Amino acid sequence: MLSRTAADLYWMGRYMERAESLARILEVGYRMSQTPDSDGTGTSRNEWESTAVAAGCVAGLAEKYGDATLDSVIRHLVLDEDNPSSIQSCLKTARTNGRAVRPALTAESWESLNDSWLDFTANWQRSLGRDNILAFLEWVKARTTLFRGATLGTMVRDEAFSFVELGTFIERADNTARILDVKYHVVLPAGEAVGGPRDYYQWATLLRSVSALGSYHWIYRDSIQPWLVAELLILRPEMPRSLIFALSQVRACLDAITSAHKQNYNCLRLAGRLHAEIGYAKIEDIIRSGLHEYLSEFLARNDALGNEIAADFHFYQ
Amino acid sequence: MHITIDHETVYGYDVPVSYSIQSLRLTPQPYDGQAVRSWWINVEGAGTLHRFTDSYGNVTHTLVLDRPHREVRVRVRGQVVTAETGGLVTGTIETFPPVFYLRPTPCTKADGALDALARSSRDGGVLDSLHRLMMALRDAIDYRTGETDVMTTAAEALANGAGVCQDHAHAFIAAARSIGVPARYVSGYLLSSDEGTEGEAAHAWAEALVPDLGWVGFDVANRVCATDRHVRVAIGLDYQSAAPVRGIRRGGGEESLSVAVRVNPRAAGSAQ
Amino acid sequence: MTQGDAVPTAAFDEMILDDGRPRPGLEALVGWMLEAPRATLKLRQADANVLFRRIGITFAVYGEGGDPERLIPFDIVPRVLLAREWAFLARGLEQRVKALNRFLDDVYHDGEIIAAGKVPERLVLLNKAYQPEMRGFDVPGRVYTHIAGIDVVRTGPEDFYVLEDNTRTPSGVSYMLQNREVMMRLFPDLFNRHRIAPVEHYPDDLRKTLQSVAPPACPGEPTVVVLSPGLYNSAYYEHTFLADKMGVELVEGQDLFVKDNAVFMRTTRGPQRVDVIYRRIDDAFLDPLTFRSDSTLGVPGLMNVYRAGGVTLANAIGGGVADDKAMYMYVPEMIRFYLGEEPLLKNVPTWWCEREDDARYVLDHLDELVVKEVAGSGGYGMLVGPKATPEERAAYAERIRAEPAEFIAQPTLALSSCPTYVADGYAPRHVDLRPFVLVGADKVRLVPGGLTRVAMRAGSLVVNSSQGGGTKDTWVLEDGGPDHA
């Protein structure tokens, strides 16, 4: 397969996943800003800032719009054409990539991308604001889910499919780690006890944002414990947005590609090692050595893995 | 005259270049006024050279570097024996009929001013007319570096009243063609003093086809017909097709260029 | 008046005789057309549009508002050539394309036809489409135009005129193939009742043609690719279609690079050597190291490798010098000079405004003539004198006076017409034909028929898809008629 085709498929997968995650991250931010204590005295601003951190857009937002508020976040994280990670840019780039490799896609996959973009420009782009942001985020989740479904349900399991999946799960690992890390950035208001009602609410919102609140209760049959949330999102293989799950998918895709190529690649080695290390980790050790530090290191290694994939399959000239 | 040439071109980049490719027209061919005794072309580092002959008969090398690099270093060295021919160029292998060299190119399209200058130089025979044209152009275009670049057209150079040897050659070619005289571009080397020349020795001039005589070299920048101090390396319709080096690279950021040319006269026999 | 054959003035109907009866050989088809219920036809026409939209065949049109991915109108009434008519046409096309290739080989070498005084030296050597870089280079198999699209119009039962030769990167063959596929899906019964020569093997023929011209440096089975400028090109659909049907990669310039005197494509398995490039990029953009240095569509160093025999380009660089509209006048001479034969297909009389007498005649008769730019294509920039307003003619005359050498003129031909399905039933519409001639190192391959373009507006003579023309399926009826099996 042409390297450019592989790169387009990979990034198409990444951008659709990123659009979904962004919608989830924004939803967390929105719900947190709506917590009972949020009275506009500065605490809610704090939550929008951590939303921008989780989206990896904090510097760009500060530079262009100043303070992180609901409005500036909508402008920068959703509508900003100059921000390559805004939801608009993600939908547009995914569609452009998809169009470039149209023959490698099924009609269903392509149409889900194409219709999303057309629907966005026709119905959301100009009207989007604080009043309809939640409805919009729901729409993004629905559209990205449709794309996932179309891809999983119709694409032949060949090299093209593997590269879409690879992009999807590299991105998902990145995003889950960031979402979990948001919690680290939410500095509790003074006088609020750790484990207090506000803290509890924030963890619950986080779980909801990855559609894992129900799963949490099903798996742990316990009240929400921060360290169990971390375990769920990092170490539980049955949780489809956990780091270990994402890495196992990455590894499976790379296995499929490399066995067809009959070649050995460095990215497979990196993915295997990262996957194994998470597999043997214990949540107690992670918490003890610092959740933020753990996640930061993971993000760096996941990034390096992405770069190695690009290098091994000659994505760029 | 025996002439020794040692020409090194070094391109430097502030960030690594992942891939670069160049066409090198740096290999002189013999004609009645020039014998090539020896000639080497070398690239330092991982680059590979492949040789072919282009449509003008210029020996051309394709240089490819496909691993990250911060420098491309090309060195050509050799010895040439030249003879004074009064500018007359005979014994070349001509690949195109003369009419072809009336073909305008973007750099050598005559405008009203070039056309007028060519017409006002026209008097008596073609050879005399071309001499007058050479002098008139040299008067009109001052030799100044930094005023023009490789994309500057003949018309622009004349309008600006300043340029380098390449602009002089382009202007001459454009004007000659506009009065129906086939003309072409020559790139090569010039030995400008008996002690040898450093730095500015890479040179360009023009050739025009004089009826009943043949191709004659006109070095407008120096107001002379080509001499035994001119080493003829490549020809073309204009700079674009005869350029000693044309390159494309991926990445690399800012480029720095250093050219070191030494052209030395040598007493006959001292190399034997 | 200059080289060319006299032209008739009344339109010839390809299906129906003057007395209203079907032309011999077409009785069954015409009978079916008359019997088929109107409602059914209307439904099939709508089905056709849906099929084309679903397949994704659209045509991007430059410089116009509206939907940039517009559907080319498709007409459900086939255009029919009888086997013996096609056999004649095929011989004429092969003859013409052979001569064009010989001409290209000649003008990039010794120029014998120029020396013989048959073609003006300046028209060749000073032509914008003449590529100096090709001089003295022996292309594999001495083939320059591997894929030629020859535009043919018909004016009578036995009269075929070549309107223009396309020797650069002719497009439209995907429509020819899709039109057939759609017709077979819509009217399977028609295909049972007639013996229609198949066209489906065109991609196979194209691949064989391209493989036959592999460069000397290619050791084994040649790797062929289609090189496209990318998805913003108006013919991008065709590029993907042909690559897909041939089973070869569709690449862009950024996918290729030069190394070790060869061209490679970047694949996920590493660099893979490419031997033959079916390029759908214009000469000027192919190689920024040799041609336009600002081109981002091409492959730096491609010309060097080409000339060194490391890769073959199809069509060859510089083929445009043969399809220039002024050069057109000399094609009959080329056929006589290179092949020693009389041309089978006719040439339209042409005035070239470079010549003073011709220019005067053209300016005096603008209301009767079609005037075209010498280097133009796609129906852009032409003046159809009889249809133009006096103001349009006056403005065009100014352009001719400013640059006479850039214009040629021809009489308005009475293009043949074919019944076409329109809102209120069948109506005659003018058609032309673009057969695609494949020239390999081994042989010439010609798929029966070609692309029929139809002017959808009543009376219009402009069939170009960029100007609102449509297409029809083109049938070559074997054994000259229906098979009543």
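Leaving aside residues up to four places away in sequence, C:Thr145 touches C:Val97, C:Leu100, C:Asn101, C:Leu104, C:Thr167, C:Asn315, C:Gly319, C:Ala322 and C:Val439. The model in which these contacts were computed is a predicted one. C:Thr145 itself is placed in the loop that runs between α5 (121–125) and β4 (147–156) of chain C, and it counts as buried because 27 C-beta neighbours lie inside 10 Å, where 20 or more are required.

Chain A contains 15 helices and zero strands. Its radius of gyration is 19 Å, which agrees with the value near 20 Å that a compact globule of 317 residues would have, and its C-alpha atoms fill a box of roughly 60 × 50 × 35 Å when the principal axes are used. Of the 317 residues in chain A, 47% count as buried. When the contacts of this chain with a separation of 6 or more are considered, 68% of them are accounted for by residues 24 or more positions apart.

The largest nonpolar core comprises 305 residues, among which B:Phe172, B:Ala175 and B:Ala206 touch the most other members. The element that gives the most to this core is helix α1 (residues 3–33) of chain A, which supplies 16 residues. From chain B, the core draws at least three residues from domain 1 (2–82 + 244–266) and at least three from domain 2 (88–241). For B:Ala206, the residues touched, again not counting those up to four places away in sequence, are B:Ala169, B:Phe172, B:Ile173, B:Ala183, B:Arg184, B:Tyr185, B:Val186, B:Phe218 and B:Val220.

Between chains C and A, 13 residues of chain C are in contact with 14 residues of chain A. By residue class, the side of chain C that touches chain A divides into three nonpolar, five polar and five charged residues.

Methods:
Residues numbered from 1 in each chain as written. Chains lettered and ligands numbered in written order. Predicted model: local features only at pLDDT ≥ 70, side-chain atom pairs only at ≥ 80, totals over all residues. Core = buried A, V, L, I, M, F, W, Y, C linked by C-beta atoms within 7 Å. Buried ≥ 20, exposed ≤ 12 C-beta atoms within 10 Å, placed from the backbone. Helix = DSSP H or I, 4+ residues; strand = E, 2+ residues; numbered from the N terminus. Domains from an automatic or database assignment. Contact = placed C-beta atoms within 7 Å. Rg over C-alpha atoms; globule rule 2.2 N^0.38 Å. Nonpolar A, V, L, I, M, F, W, Y, C, P; charged D, E, K, R; others polar.
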